[in-house]
Amino acid sequence: EAIDAFTAAGLEYDGVFASDSKKKAASDNLTKALTPLFNETVDNTRNLTRDGKFADAREELKKMDQYAVSDAMRSSLNNEKTILEDAITKAVSDGKNTMLMVISTKGRKLDTKSRETLEELLKVVPDDYWLNFVFNKSK
């Protein structure tokens with residue numbers, strides 16, 4: 001709430017500050033204060049994406065929205081969203097192929113790693129026909 005209030009005061013209300021220089025100083029201080037939180041969230045998102053924890057990475061990106069107060073931060077946020085969605089698309093494509101191969105060769109059974117991957121992918125793309133097909137066939 002404090003971040004929201006300060007953001008609103010510094011960026012939206014012209015009457016709050018006596019001059020534009022104070023408004024700019026408030027905006028600069030807000031950016032400076034939020035930059036470490038933003039960078040930490042970027043790092044967390046990248047680590048979760050690398051580890052295949054896509055649903056958790058999406059949650060981290062939602063946190064970034066509240067910290068992205070500068071144009072550079074908003075640009076970085078959009079870049080991180082693109083990176084995550086590209087990683088999800090690739091993981092879904094690769095995962096489907098791998099899991100279809102596993103269930104066709106192992107009598108409809110997924111190994112533990114494939115099962116975990118499938119469950120994680122279903123969190124982020126629950127309507128994917130082939131992921132649901134694999135899930136239902138591997139029961």
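The structure is a predicted model, in which local features need pLDDT of at least 70 and side-chain atom pairs count only at pLDDT 80 or more, while totals for chains, interfaces and linings use all residues. Residues are numbered from 1 along each chain as its sequence is written, and side-chain values use heavy atoms, with hydrogens and water left out.

Let's start with helix 5 itself, residues 112–124. Helices here are DSSP runs (H or I, at least four residues), numbered from the N terminus. At 1.5 Å a residue, its 13 residues should span 18 Å, and the end C-alpha atoms lie 19 Å apart, which agrees; the expected span is 1.5 Å times one less than the number of residues. S114, L118, E120, L121, L122 and V124 are the buried residues of helix 5, where buried means under 20% relative accessible area, exposed over 50% and partly exposed in between (1.4 Å probe, protein chains only).

Take helix 6 next. Its axis and that of helix 5 come within 10 Å and cross at roughly 140°, with axes being lines fitted to C-alpha atoms over the stretch in contact and angles running from 0 to 180 degrees between N-to-C directions. That makes helix 5 oblique to helix 6 (under 35 degrees is roughly parallel, over 145 roughly antiparallel, 65 to 115 roughly perpendicular, and the rest oblique). In contact (heavy atoms within 4.5 Å) are R115, L118, L121 and L122 of helix 5 and L131, N132, V134 and F135 of helix 6. By class, these residues are 6 nonpolar, 1 polar and 1 charged; Ala, Val, Leu, Ile, Met, Phe, Trp, Tyr, Cys and Pro count as nonpolar, Asp, Glu, Lys and Arg as charged, and the others, Gly among them, as polar.

Now turn to helix 4. The axes of helix 4 and helix 5 come within 10 Å and cross at roughly 140°, so these two helices are oblique to each other. Here I88, A91, V92, G95, M99 and V102 of helix 4 meet S114, T117, L118, L121 and V124 of helix 5. This contact has 8 nonpolar, 3 polar and no charged residues.

Finally, look at D56, which is found in helix 3. D56 counts as partly exposed because its relative accessibility is 40%. Leaving aside residues up to four places away in sequence, D56 touches L48 and E120. The C-alpha atoms of D56 and K123 are separated by 9.5 Å, although the two are 67 residues apart along the chain.
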